[in-house]
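Please open the model in a viewer and keep the selection panel at hand. The tour moves from one selection to the next.

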Amino acid sequence: MPKRKARSPAQRPRWLWALAATAAAIFLAGEAVVLMRSESGQLALARHLRMGDGARLTQIVGRQIRRGLTAVGVSGDSIREGVSEQGPAPVRWRVGISPGASLLQANYAVTRSLEARGGVVLEGRESWSDRGEEVVTLLVGLPKRATHQVRLVRGPPAPEETRPEPARLAIVLFGLGEEPAHADSFFELPAPFAVAVVPGSRTSQQVFQAAHQRNREVVLHVPLEPINYPQVNPGPGTVLVTMKPAKIAGMMRRYLDQAEPVAAVANHMGSLATQDMAVMSAVYRELRRSHVPFLHVNPAAGAVCKSLASDLGVVYAEPDRVLDREARGDDPRALERGWKSILEEARDRGRLVALVRATPLTRRWLPRALEAKRLDGVTIVPLGSLIRRPATL
């Protein structure tokens with residue numbers, strides 16, 4: 001009896017093909033939903049299909065402009081927003097740029113931030129005001145659809161004898177935990193500070209989005225393997241010294257994409273990983289690709305991070321002070337002593353970066369600590385203004 005020939009792929013039952021087609025359609029539909037809900041997707045629909053809510057698109061473009069300005073150290077207090085019924089765009093911004101800052105750099109940062117989500121600069125021109133201010137006027141939005149007219153205004157330098165140099169202090173809150181409600185209680189505070197958020201948990205994406213919606217600078221707090229792991233454990237998604245460089249690079253790319261834009265990447269623990277040349281080389285290559293500085297917290301004695309950053313062309317910095325134990329518990333006296341010391345050091349040095357652990361005590365204490373009368377000559381500034389960034393923002 002002749003053997004039955006095996007059925008060729010072309011002879012498979014039609015229901016298999018139908019099932020495969022249905023699965024592909026469901027997958028593509030899901031991807032389309034995700035795309036339409038993202039800022040990039042909404043701008044893409046508006047750009048190519050002329051679809052989308054005008055108010056929502058204007059809000060997204062405005063958020064990208066703020067992100068670009070924050071990247072070069074422009075404070076949100078320097079932005080004045082108004083509505084224009086007769087102008088070339090419905091929203092009009094005046095952005096004050098300090099006399100010593102670069103208008104070209106601010107212009108470039110805004111342009112790059114817009115392009116990252118699909119926005120464009122439609123028009124740009126330079127001029128001088130009657131008061132001697134240098135002005136760059138940008139018309140931005142989507143192709144054939146302006147949403148904002150942005151005027152970057154840099155005043156003339158003040159005479160040296162009348163221009164005091166204020167002490168500048170950047171604050172980064174860390175230890176926000178995995179609970180979005182806890183993190184959001186800090187984001188809503190009317191005080192300027194950056195936030196360090198650990199990736200890898202099931203709620204990390206939600207916390208990153210909430211931080212950006214509140215126009216907070218974000219520090220990507222990457223969990224790195226510490227000595228005595230796993231007894232000492234940074235949490236899920238930790239970069240381990242046993243991982244291959246390609247896997248570490250993939251994790252870093254995923255974390256950076258999840259958190260973007262970021263002001264810096266910092267180590268969460270990592271007393272062992274930061275001493276490993278292969279691990280930090282893989283991390284640094286992704287930071288260099290993304291033009292992001294590395295903020296090294298509590299360096300271990302044998303850490304290779306500083307010297308390796310110089311070799312690989314990565315911007316490296318260390319926080320000047322960390323308030324950690326002082327923020328634990330219910331007694332604010334230790335926190336007050338640490339804060340007083342930070343302000344004195346900032347006045348002496350002229351600039352300082354301080355990390356402060358986010359706890360219930362910190363949440364109650366921070367608004368009063370940042371009152372102008374208590375700062376007494378110390379100005380709270382964005383982290384990006386105190387950490388040197390690569391030339392290509």
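This is a predicted model: local features need pLDDT of at least 70, side-chain atom pairs count only at pLDDT 80 or more; totals for chains, interfaces and linings use all residues.

Residues are numbered from 1 along each chain as its sequence is written, and side-chain values use heavy atoms, with hydrogens and water left out.

**Whole chain**

Select the protein chain in cartoon form: its secondary structure comes to twelve helices and 14 strands. These elements are DSSP runs numbered from the N terminus, helices being H or I with at least four residues and strands E with at least two. Of the 393 residues, 44% count as buried; buried means under 20% relative accessible area and exposed over 50%, with partly exposed in between (1.4 Å probe, protein chains only). Switch to a surface: the accessible area is about 21,100 Å², and 52% of this belongs to carbon and sulfur atoms. Such areas come from the Shrake-Rupley method with a 1.4 Å probe. Among contacts with a separation of 6 or more, 64% are between residues 24 or more positions apart, where contact means heavy atoms within 4.5 Å.

Select residues 245-259, helix α7. Its end C-alpha atoms are 21 Å apart, in agreement with the 21 Å that its 15 residues should span at 1.5 Å a residue; the expected span is 1.5 Å times one less than the number of residues. Show the side chains of I248, A249, M251, M252, Y255, L256, Q258 and A259, which are buried. Their cover includes α6 (204-213), β8 (218-224), β9 (264-269) and α8.

Next, select S204 in helix α6. Is S204 buried or exposed? S204 is buried, with a relative accessible area of 1%. Beyond its neighbours within four places in sequence, S204 is in contact with V198, P199 and Q258.

**Helix α10**

Move to residues 333-349, helix α10, whose 17 residues reach 24 Å from first C-alpha to last, close to the 24 Å expected. Colour its buried residues: L335, E336, G338, W339, I342, L343 and A346. Viewed down the axis of α10, these fall within an arc of 165°, so they line one face of the helix; the arc is that of the directions from the helix axis to the C-beta atoms. On the face turned away, find the exposed residues R333, R337, K340 and D348. Cover for the buried residues includes β6 (167-174), β13 (351-357) and α11 (360-369). Just after the helix, G350 takes a positive phi of about 90°.

**Aromatic rings**

The structure holds three aromatic pairs. Rings of Phe, Tyr and Trp (its six-membered ring) pair if their centres lie within 6.5 Å; planes under 30 degrees apart count as stacked, over 60 as edge-to-face and the rest as tilted. Select Y284 and F294, an edge-to-face pair at 5.5 Å centre to centre with 70° between the planes. Y284 lies in helix α8 (residues 277-290) and F294 in strand β10 (residues 294-295), ten residues apart. Both Y284 and F294 are buried.
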